[in-house]
Amino acid sequence: SNRSEVEQAQGRGLVVDTSAVSPPLRVRHGSVDGEKVREVVTSNRAELRSCYERALLDDPHLSGACTVRIVIAKDGTVGTAGIHGSTLHSLSMQRCVLQLVRKWRFQAPADGKPAAVDYPLTFRKEEHDAGL
């Protein structure tokens, strides 16, 4: 399992914050449970981190936040996804994130109509290992 050690080493020190505490995720319209939405996003954190790892190869100092607007179709699939507001200066990374998001599956909205959610994601490198 040499490979998993390498992956751990790469992944160490890269933070993908999906807790969406500040600012919180916003259900713009429709009846979806924000907590369930957060569970789906958080379960895909490793994939999001791989987008970040790839983008860091081009720009080692890249960090920032972006808000993903997700329209959840009435069957729980993603109808559309877009970036609304971003301090991440990497179009390729934003594209990578959106490609992932479009494949996600959410709980179907309770009222059987599409729902829209604004979900903030933060990407940063841990700085505390600088002294090692």
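These questions and answers walk through a predicted model.

Residues are numbered from 1 along each chain as its sequence is written. In this predicted model, local features need pLDDT of at least 70, side-chain atom pairs count only at pLDDT 80 or more, totals for chains, interfaces and linings use all residues, and side-chain values use heavy atoms, with hydrogens and water left out.

Q: What pattern does the chain follow along the sequence?
A: Start with the pieces: helices (H or I, at least four residues) and strands (E, at least two) are DSSP runs, numbered from the N terminus. The chain has four helices and five strands. Read in order, they give α-β-β-α-α-β-β-α-β.

Q: What share of the chain's residues count as buried?
A: Buried means under 20% relative accessible area, exposed over 50%, and partly exposed in between (1.4 Å probe, protein chains only). The chain has 132 residues, and the buried share is 37%.

Q: Is Q94 buried or exposed?
A: Q94 sits in helix α4. Leaving aside neighbours within four places in sequence, Q94 is in contact (heavy atoms within 4.5 Å) with I83, S86 and L88. Its relative accessible area is 13%, so Q94 counts as buried.

Q: Which elements do the buried residues of α4 pack against?
A: The buried residues here are M93, Q94, C96, V97, L98, L100 and V101. They pack against α3, β3, β4 and β5.

Q: What is the volume of the largest cavity?
A: On a 1 Å grid over the protein atoms alone, a cavity is a set of points where a 1.4 Å probe fits but cannot get out; lining residues have an atom within 4 Å of a point. Grid points are joined across faces, edges and corners, and a volume is the space filled by probe spheres set on the points. The structure holds one cavity of 30 Å³ or more. The largest cavity is lined by V32, D33, K36, V37, V40, F106 and Q107, and its volume is about 30 Å³.

How values were computed
1 Å grid on protein atoms, 1.4 Å probe; cavity = no way out; pocket = protein on both sides within 12 Å on 5 of 7 lines; lining within 4 Å.
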